[in-house]
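Have the viewer open and follow the topics one by one.

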Amino acid sequence: SQGWTSDSDDSDKFEWDNDGEAEPSSAPAMRNFGSPGPSTLCAKGSNDWINGEVPPTSLIERYVVMGFPKEMVMKSIKEIGHSDADALLELLLTYKALDDDDAVGNNHSTSGCILPVVEDDDDPDFENCDGDDDAGGRESSSDDSGYEDFMREMSERDEKINSLVNMGFSEDEANRAIIRCGADADICVLVDSVSASRVAEDCHSRNLSDHQVTDRCFNSFGGRKKARLMEESRKKRKRYGGGGQGNRPSLDGSDEESMPLPNPMVGFNLPGYSGSSVTRMLSKLDTGPPFFYYENVARAPKGEWAKISRNLFDIQPEFVDSLHLCAAARKRGYIHNLPIENRSPLLPLPPKTIFEAFPHYKKWWPSWDTRTHLNCLQTCVASAKLTDRIQRALVSSSNPPPKSVQKDVMDECKKWNLIWVGKNKVAPLEPHEMELLLGFPRDHTRGVGKTQRYKSLGNSFQVDTVAYHLSVLRRMFPNGVRVLSLFTGIGGGEVALHKLGIHMRVVISVEIGEASKKIFRSWWDQTQTGTLIEIDDVKSLTNDRVASFISQFGGFDLVIGGSPCNNLAGSNRHHRDGLEGKHSALFYDYVRILNFVKSTMAGR
């Protein structure tokens, strides 16, 4: 062996592997929700967090997106910490279900530490609890009116829970819908909420019973009487036949909720694939319109795809490696509510092998390089220093070179998708060659710097794969579609729709990258006649703005996007923090916006 190693310009930033995805982009930092709250929130002081550890701002924002007040989230974390996610979410749900004002709205709360946990669950009157019936002086010793109001409220909740259970929903789904929408919400609003908002689903895949939650938190809400009423209400709902999902298995049957990737990674079906296709059934409430389509890297950290699925209505991901459709690998997961029958590929079919895509390189290709497909296309390419070193190693070797040299060269060729452009000479793919492999028109990214072209293409959709999934929309929308495009990038989804012959009547495009916006806007101006509205930051797309667009255009037919993969990608060894990472936490904005679109359109 020559003893040389890769020293690509970017190799000191990340350890790139065969599934290396995107490097960190210029996505905005999450807003700071972790600043100290009012001193009245916790007797220990505003900065006295459990174990002295301040929780990540993305964690606080995640629960805020679910609909919990920030002050409630901060108080709960200060009381029990954030290491036990199920306990924290159960506490938040209980606070919100019983009495928000009693829980966090009063300045003279006496609770400044972990709430007491009842040890004896068999005592129906909770006599073994060290209860403080007045809960800080907020309830009088004779609270008959409070008792009647509480009982009336619980009766109304029971009736609505019973109605939802009879419709086929679980008791837990019904309860969470009432928590989100309020006990006085109309039943149709609750039905929409069950469909559109399941972001708190993970707490119900654990084994915490209503009894434990009531025991843990009853002392903050007025003592034995309310706790007894909650228990009576729970037993009453049991008689209605409602059952929780506490023992529901995880998405793949494992306790860790990992989601093993299929092999081969062919999704639910692919054109020309001889294996058995999948039939899936979605509930009526989960089907479109609006249809939605979400994409991210397949090889995310363990458990992250289970989280993504739970937040997107428990719909199973469709994992596809694009090497089954083109000459380059691209392992991605897609969650969508599109039909999977009667799909059709783009024609003509893209080249399926390296030599079909680039036949002119065959004359220089050594026999010991047996690649037929390229690896996942990266956001950066190998340096000239590395390619020169490879050439010198081959020139100084025999023909064919020793096995050790072959191995070193092939490792770098696979890692950086190097192709043979001359005798003993390798080079990175040119941007127009990456455009071909990813299904974009030639020169789609031309007009920005070469580095930006590589970066934008490395972060893009593989158009042929996405078009195969979206092809079912052709028959459904002969007059065109209205699209809400989140994290648009260079417009892979829109290019797919265009190549399918689907007219885009309007596209609301949300993209923060200036180079990507320039590329997409240039393509749009040259090819489209519909309305394009551009928004810089997903954070600025508030629910009010979404509502105004729905009113202006009559709703959306498709919500499409792939949130940043920076903290999910296997190539990012230093900041692979999953959905709680700085950039990938923007996934929860996709969820927020989609839920709002679905609930708003359901009410029209």
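Which residue does UniProt list for "active site" in its unreviewed entry? The record lists Cys-565; UniProt positions are given in the numbering used here, feature names are shortened, and annotations may be inferred rather than shown by experiment. This is a predicted model, in which local features need pLDDT of at least 70, side-chain atom pairs count only at pLDDT 80 or more, and totals for chains, interfaces and linings use all residues. Residues are numbered from 1 along each chain as its sequence is written, and side-chain values use heavy atoms, with hydrogens and water left out.

**The listed residue and its loop**

- Cys-565 lies in the loop between strand 9 (558-561) and helix 21 (587-602); helices (H or I, at least four residues) and strands (E, at least two) are DSSP runs, numbered from the N terminus.
- Cys-565 has 11% relative accessibility and counts as buried (under 20% relative accessible area; exposed is over 50%, partly exposed in between, with a 1.4 Å probe and protein chains only).
- Ser-563 is found in the loop between strand 9 and helix 21 as well, and is buried at a relative accessible area of 3%.
- The side chains of Ser-563 and Tyr-294 make a polar contact at 2.6 Å (a pair of N or O atoms within 3.5 Å; within protein, one must be able to donate a hydrogen and the other to accept it, and residues adjacent in sequence count only if both atoms are side-chain atoms).
- Leaving aside residues up to four places away in sequence, Ser-563 touches residues including Glu-295, Phe-487 and Phe-587 (heavy atoms within 4.5 Å).

**Aromatic pairs**

- The whole structure holds 14 aromatic pairs (centres of Phe, Tyr or six-membered Trp rings within 6.5 Å; planes under 30 degrees apart are stacked, over 60 edge-to-face, the rest tilted).
- One of them joins Phe-292 and Phe-313 edge-to-face, 5.7 Å centre to centre with 65° between the planes.
- Phe-292 lies in strand 1 (residues 291-297) and Phe-313 in the loop between helix 10 (304-311) and strand 2 (318-321), so this pair ties together parts 21 residues apart in sequence.
- Both partners are buried: Phe-292 has a relative accessible area of 0%, and Phe-313 has 2%.
- Trp-305 and Phe-319 have ring centres 5.4 Å apart and planes at 85°, so they too are edge-to-face.
- Tyr-294, Phe-587, Tyr-588 and Tyr-590 are linked into a cluster by ring pairs.

**A charge over a ring**

- Lys-598 places its charged end over the ring of Phe-313, 5.3 Å from the centre (NZ of Lys or CZ of Arg within 6 Å of the ring centre and within 35 degrees of the ring normal).
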